Amino acid sequence: MSNSKAAFRQLVFSGVQPTGNLHLGNYLGAIRKFVALQESFDCIYCVVDLHSLTATLVHDDLADQTRQITAAYLASGIDPKKHIVFNQSRVPQHAELTWIFNCVARMGWLNRMTQFKEKAGKDRENASVGLFDYPSLMAADILVYRATHVPVGDDQKQHLELTRDIAQKFNNDFSDRIAALGVGVEMKVGDETVNGFFPMTEPIIGGPAARIMSLRDGSKKMSKSDPSDLSRINLTDDADAIAKKIRKAKTDPEPLPSEEAGLEGRPEARNLVGIYAGLADISKQEVLNEFGGRQFSVFKPALAELAVEKLAPIAAEMRRISADHAYVDAVLKDGGERACVIAEATMKTVRDIVGFLQD
Ligand code: AQP
């Protein structure tokens, strides 16, 4: 007997933490992809304020930072009427599903997460339980909407793999109940066709800008929490700041190579070429076709000009939108209400699958 549905609804989910100034890595690695995916998917884009407590528990300005990320979404071209834009804490089902996933996920799985190791550093005993559990909340964020696709930067790849592991274990552990309730969906897992409630979510990672590195150190990713502001280009930087940061970006003394293979072992050069390619929406090889053999004294001003051309309109629009608190708050409220309807429908079934007594 098979009373399962044939396929999952194709749905995109992703989020950004309100933990400080958005930078070029967040934009090229994530937000620009969010914008492009609107054309072919229904999308849910979240400002993940619950996650931000793992970075800083007591924020002076969490509400304003939440508005700032929302403004970046809208200024970049996300349409909050056709799609859903909201802040995570408005939808308590994320936290509810996290608890169930905490009981599905294994300590060994979370112990392997490199982001926890990097963020906790040497003082693991003093790291918050929330930081350790971050990937479980991320899995719940995605699966509470049964999202099939998640655009993220390369640094989130391991968390997406964990999300699939959690979905698969939930589907296996509760397979009899899922079948008895008739709430499963047929899907391929490896060579097998299985019937599960949660999809095996696909990450959307890639392109020349999947991992933008610090402008000061080509081995470290560009990050909001890097103490050096010169390490990143903020979306709100003005033209002078962008030009200065690119001028001061670390490089090596060689001219740019003509072939991509020549970027091997030159992390700073590879990073700047990747940034140019990401901004111009071309491949690294196409950048090298134009700049191969040229010195950084020629390439850096061209990169600065391109960055200003692409980012200045977004920065201006962000300033305009984020000043309009009433508008931003209304977008988040409306998005939260629509997200809640989907999340509650999932949780009602999850509660039945788990066996909780409910009305
Ligand atoms: N350097 C990067 N290159 C490409 N993509 C990146 N992302 C982050 N840094 C880069 C992607 O941006 C999205 C949102 O990230 P986030 O703010 O939720 O968390 P994060 O990855 O922890 O970002 P940061 O800037 O490094 O913040 P802090 O310093 O607070 O930890 C994600 O899709 C991420 O992959």
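How many aromatic pairs does a search of the whole structure find? The search finds 14 aromatic pairs. The structure is a predicted model.

## Aromatic pairs

A pair of aromatic rings is described by the distance of the centres and the angle of the planes. For Phe101 and Phe198, the ring centres are 5.5 Å apart and the planes stand at 75°, so this pair is edge-to-face. Planes over 60 degrees apart fall into that class.

Phe101 belongs to helix H4 (residues 93–104), while Phe198 sits in the loop between strand E6 (192–196) and strand E7 (202–204). The pair therefore ties together parts that are 97 residues apart in sequence.

## The ligand and its shell

The ligand takes up the space of the largest pocket. There are 23 residues around the ligand, and Lys119, Asp155, Ser223, Lys224 and Ser225 come nearest. By class, this shell has eleven polar, seven nonpolar and five charged residues.

Among the elements that each supply at least two residues of the shell are strand E1 (11–16) and helix H1 (24–37). Helix H1 gives the most, with four residues.

Which side chain has a polar atom 2.6 Å from an oxygen atom of the ligand? That side chain belongs to His23. An N or O atom in the side chain of Lys221 lies 2.7 Å from an oxygen atom of the ligand.

Where is Asp252 found? Asp252 is in the loop between helix H10 (239–248) and helix H11 (267–280).

The side chain of Asp252 makes a polar contact with the side chain of Arg266 at 2.7 Å. The Asp252 side chain also reaches the backbone nitrogen of Glu254, at 3.2 Å.

Methods: Residues numbered from 1 in each chain as written. Predicted model: local features only at pLDDT ≥ 70, side-chain atom pairs only at ≥ 80, totals over all residues. Heavy atoms only, no water. Near = heavy atom within 4 Å. Polar contact = N/O pair within 3.5 Å; in protein donor to acceptor, adjacent residues only side chain to side chain. 1 Å grid on protein atoms, 1.4 Å probe; cavity = no way out; pocket = protein on both sides within 12 Å on 5 of 7 lines; lining within 4 Å. Sits in = over half its atoms within 2 Å of the grid points. Nonpolar A, V, L, I, M, F, W, Y, C, P; charged D, E, K, R; others polar. Phe/Tyr/Trp six-rings, centres within 6.5 Å; stacked < 30°, edge-to-face > 60°.
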